[in-house]
Amino acid sequence: MVEVTVRDGNVDQALRALKKKMQREGIYREMKMRKHYEKPSERRVRETAESARRARKMARKHNND
C-alpha cells in the first residue's frame with residue numbers, strides 16, 4: 001500500500017510524492033493493462049519480451065562495469 005504524509009498542509013508536494021511512488025511501483029502500468037482484457041497468449045508474449053528486455057539491461061550493466 002502506497003502512503004504519503006502531508007506536511008504543513010502542503011498537498012501539492014504530497015501529491016507529487018504520491019505520483020512518483022505510484023510510477024516507481026508500476027501502478028500506472030498495471031491500471032492501464034487491466035483496462036482491457038489480455039489474452040493468455042498475448043500475456044505470455046509480453047512477459048517473455050519484458051524478461052528479455054530486463055536480461056539485456058542487466059547484461060549491459062554488467063558489461064560496463
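Arg43 and Glu47 are both in helix α3, which covers residues 40-64, and they sit four residues apart, about one turn of the helix.

What do Arg43 and Glu47 form? They form a salt bridge, with the closest N and O atoms 3.0 Å apart. In general terms, side chains of opposite charge can pair when their charged atoms come close.

Is Glu50 buried or exposed? The relative accessible area of Glu50 is 17%, so Glu50 is buried; the cut-off for buried is under 20%.

Arg46 has a further partner. Its side chain meets that of Glu38 in a salt bridge, at 2.8 Å from N to O. Glu38 is partly exposed, with a relative accessible area of 25%. Taken together, Glu38, Arg46 and Glu50 are linked in a network of salt bridges.

Staying with charge, the protein chain carries 20 positive and 10 negative side chains. The centres of those two sets lie 5 Å apart.

Now the overall layout. The protein chain has three helices and zero strands, and reading along the sequence gives the pattern α-α-α. Why do I call the protein chain more spread out than a compact globule? The radius of gyration is 17 Å, whereas the globule rule gives 11 Å for 65 residues; the value for this chain is well over that, so the chain is more spread out than a compact globule. The C-alpha atoms fill a box of roughly 45 × 40 × 15 Å along the principal axes.

On burial, 5% of the 65 residues in the protein chain are buried. The chain exposes about 6,500 Å², and carbon and sulfur atoms supply 51% of that area.

One of the buried residues is Ala14, with a relative accessible area of 11%. Ala14 is in helix α1, which runs over residues 11-25. What does Ala14 touch, leaving aside residues up to four places away in sequence? Ala14 touches Val4, Thr5 and Val6. In the other direction along the chain, Arg29 is 15 residues from Ala14, and their C-alpha atoms are 21 Å apart.

Leu15 also lies in helix α1. Leu15 is partly exposed, with a relative accessible area of 42%. Its C-alpha atom is separated by 9.5 Å from that of Thr5, 10 residues away along the chain. Thr5 is also one of the residues that Ala14 touches.

The segment before α1 contains Asp8. What is phi for Asp8? The value is near 55°, which is positive, in a residue other than glycine. For context, most residues other than glycine have a negative phi. Asp8 is exposed, with a relative accessible area of 83%.

Last, a residue further along the chain. Lys61 lies in helix α3, and Lys61 is exposed, at 53% relative accessible area. Lys61 and Asn10 are 51 residues apart in sequence, and from C-alpha to C-alpha they are 39 Å apart in space.

To recap, the predicted model has three helices and zero strands, and the chain is more spread out than a compact globule. In helix α1, Ala14 is buried and touches Val4, Thr5 and Val6. That is all from me.

How values were computed: Residues are numbered from 1 along each chain as its sequence is written. This is a predicted model: local features need pLDDT of at least 70, side-chain atom pairs count only at pLDDT 80 or more; totals for chains, interfaces and linings use all residues. Side-chain values use heavy atoms; hydrogens and water are left out. Helices (H or I, at least four residues) and strands (E, at least two) are DSSP runs, numbered from the N terminus. The radius of gyration is taken over C-alpha atoms; the globule rule is 2.2 Å times the number of residues to the power 0.38. Buried means under 20% relative accessible area, exposed over 50%, partly exposed in between (1.4 Å probe, protein chains only). Accessible areas come from the Shrake-Rupley method with a 1.4 Å probe; for residues, only the protein chains shown count as cover. Lys and Arg count as positive and Asp and Glu as negative; His and the chain ends are not counted. The place of a charge is taken as NZ of Lys, CZ of Arg, CG of Asp or CD of Glu. Contact means heavy atoms within 4.5 Å. A salt bridge is a side-chain nitrogen of Lys or Arg within 4 Å of a carboxyl oxygen of Asp or Glu.
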